[in-house]
Amino acid sequence: MSSTHSTKTSVAAISIFASAGMAAAKFVVGIAIGSLALISEALHSSVDLVATIITWMVVRVSDKPADDEHHYGHGKIESLSALGVIAMLYVLAGGILVAAYARLHEGTPPPALSVVPFVVLVVDIAVNFWRAWALHRAARATRSQALAADALHFASDVFGSFAVIIGLALSGLGYWWGDAAAAIGVALIISLLGLRLARSTVETLLDRAPDGASEKAAAAIRAVPGVVDVERLRVRMVGPTHFIDAIAKVPRTTPIDRVEAIKRDAQAAVSEALGDADLTFTAVPVARDNESVRERIMVIARNSGLAIHHVTVHDLGGRLTVSIDLEVDGEMELMAAHDIAHDLERSIREDFGEDVEVDTHIEPLEPELPHGTDAQPARVEAVKAALTGFAANGAIHDIHNVRVRDTDAGEIVNFHCRAAPQMSVIKVHEAVDEIERALRRAFPSIKRVISHAEPPRG
């Protein structure tokens, strides 16, 4: 059982015993002295007793988790119970007004006064003030409408008891109508506080967003790295939980696994901002203003399910030229591969304009898991010696960690080398590329060479 659930049920249970005791005391004294105001306040407390029993039962249900039939949980039952209590309050207020009017019309004698009703009312004020404060604090902590309804009932009891004291005092001073006037005051207090509760309850049932919740949730999501903007956001309350539906813009170049991380970060952000929150996050890919030409081309290829690499882009006096290496199944017929390349080129022209020049180099897709074995040590030493010789007197030196593998696709060579730390990546790549070409010329059976350049050891 959660701490929130325990708090709500314990506070509601205490209210039941307090309501029963005070309602009985006021009713007995009211009958004894013939005070309509005190009887009205006792009936009000009786309604509070019924309300607290309902609250105690309701909060045991409202905190149940979502199930197959209630996807948003059971929190709305608190709003329904609050509406039921409001209906009882207005029925009571109407009955009190009718009885008070009859007394005023018939000129009923004032109640018999003693110190007893005043003592009962003072104790009732103290008890109700404590209960209203405790329930209000628990309602705010748990966002429980049922507890908020109870808090308003007991707050109205405090004001109602003051009204009865004033009415009894007026009766004692010789104003025969004081008791009936106090009963009318009790009815008006019940009605006004019931109206306030009805407003918040109906707003919840109509899914009105809590004040400031949308702004807080939107700001929290926008602050998440990777979110460009929030396109649409909706918030509604079910019990104490904020259910949030958000459509957020993310860069279209963002990998799918990163989008999932953004969703998790957004959930954590709104939970921190609003407390109990359940976020439904929909990511909409958008093109950023600072997106490079190469990134745009990679997105076009990815959307077509194509594997490309070695994308080069040049601006020739305002005319864009693009060169791409496109990987396709090596067993595919040339006509089919050419059609794929043609469709890719057309998609690029649709994005950049018809005057863009696109050249696509078609090459066979490397097998995903080619079978291979380590080459014999003598073969590795021969390749290492050749690499060292090609690197002599050049920018690349210290050839090491040489590995040679025999695979179904041919020999594959991996090696590490070193270069001056101040060299640019372009210069290092050119120098290493020259060594790789020389190695393939010397060993025609080598299918692929993979190098890793490092700065000198410190």
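Author: What follows is a walk through this predicted model, beginning with the whole chain and then turning to its sheets.

Reader: Okay, how many helices and strands are there in the protein?

Author: The protein contains 12 helices and 10 strands.

Reader: Let's zoom in on V311. Where is V311 found?

Author: V311 belongs to strand β4, which covers residues 307–316.

Reader: Is V311 buried or exposed, and why?

Author: V311 has a relative accessible area of 8%, and because a residue under 20% counts as buried, V311 is placed in that class.

Reader: Which residues does V311 touch, if we leave aside its neighbours within four places in sequence?

Author: With those neighbours set aside, V311 is in contact with R294, I297, M298, V322, S323 and I324. The C-alpha atoms of V311 and E295 are separated by 9.7 Å, and these two residues lie 16 residues apart along the chain.

Reader: What kind of sheet does β4 sit in?

Author: β4 is part of an open sheet of 3 strands, in the order β4-β5-β6, and the pairing in this sheet is mixed. Since β4 and β6 (357–364) each have a single partner strand, they stand at the edges, and one side of each is left without a neighbour in the sheet. On average, and with direction ignored, neighbouring strands of this sheet are turned by 15 degrees against each other.

Reader: How is β4 joined to β5?

Author: β4 and β5, the latter spanning residues 319–328, run antiparallel and are joined by 8 bridges. One of the bridge partners to look for is S323 in β5, which is paired with T312.

Reader: What holds strands of a sheet together, in general?

Author: Strands in a sheet pair through hydrogen bonds of the backbone, in either a parallel or an antiparallel way.

Reader: Which helix lies across β4 and β5?

Author: Helix α9, made of residues 293–303, lies across those two strands and runs at about 140 degrees to β4. Helix α10 (residues 334–352) also packs on the sheet, where it touches β4, β5 and β6, and its direction makes about 150 degrees with that of β6.

Reader: Changing topic, what about the other sheet, the one with the order β7-β8-β9-β10?

Author: That is an open sheet of 4 strands, and its pairing is mixed. β7 (372–374) and β10 are at the edges with a single partner strand each, so one side of each is left without a neighbour in the sheet. Neighbouring strands here are turned by 25 degrees against each other on average, with direction ignored.

Reader: How many residues of β9 are buried?

Author: Strand β9, residues 410–418, is mostly covered, with 8 of its 9 residues buried.

Reader: And how does β9 pair with β8 and with β10?

Author: With β8 (residues 397–407), β9 pairs in the antiparallel sense over 7 bridges, and a hairpin through 2 residues joins β8 to β9. T407 has G410 in β9 as its bridge partner. With β10 (residues 446–454), β9 runs parallel, and 8 bridges join the two strands. I412 stands opposite R448 in β10, while R418 stands opposite E454 in that strand.

Reader: Which helices pack against this sheet?

Author: Helix α11 (residues 377–391) lies across β8 and β9, running at about 140 degrees to β8. Helix α12 (residues 425–442) packs on the sheet and touches β9 and β10, and its direction makes about 150 degrees with that of β10.

Definitions and conventions
Residues numbered from 1 in each chain as written. Predicted model: local features only at pLDDT ≥ 70, side-chain atom pairs only at ≥ 80, totals over all residues. Heavy atoms only, no water. Buried < 20%, exposed > 50% of the residue type's maximum accessible area, 1.4 Å probe, protein only. Contact = heavy atoms within 4.5 Å. Pairing = 2+ DSSP bridges. Axes fitted to C-alpha atoms, helices over the stretch in contact; angles between N-to-C directions.
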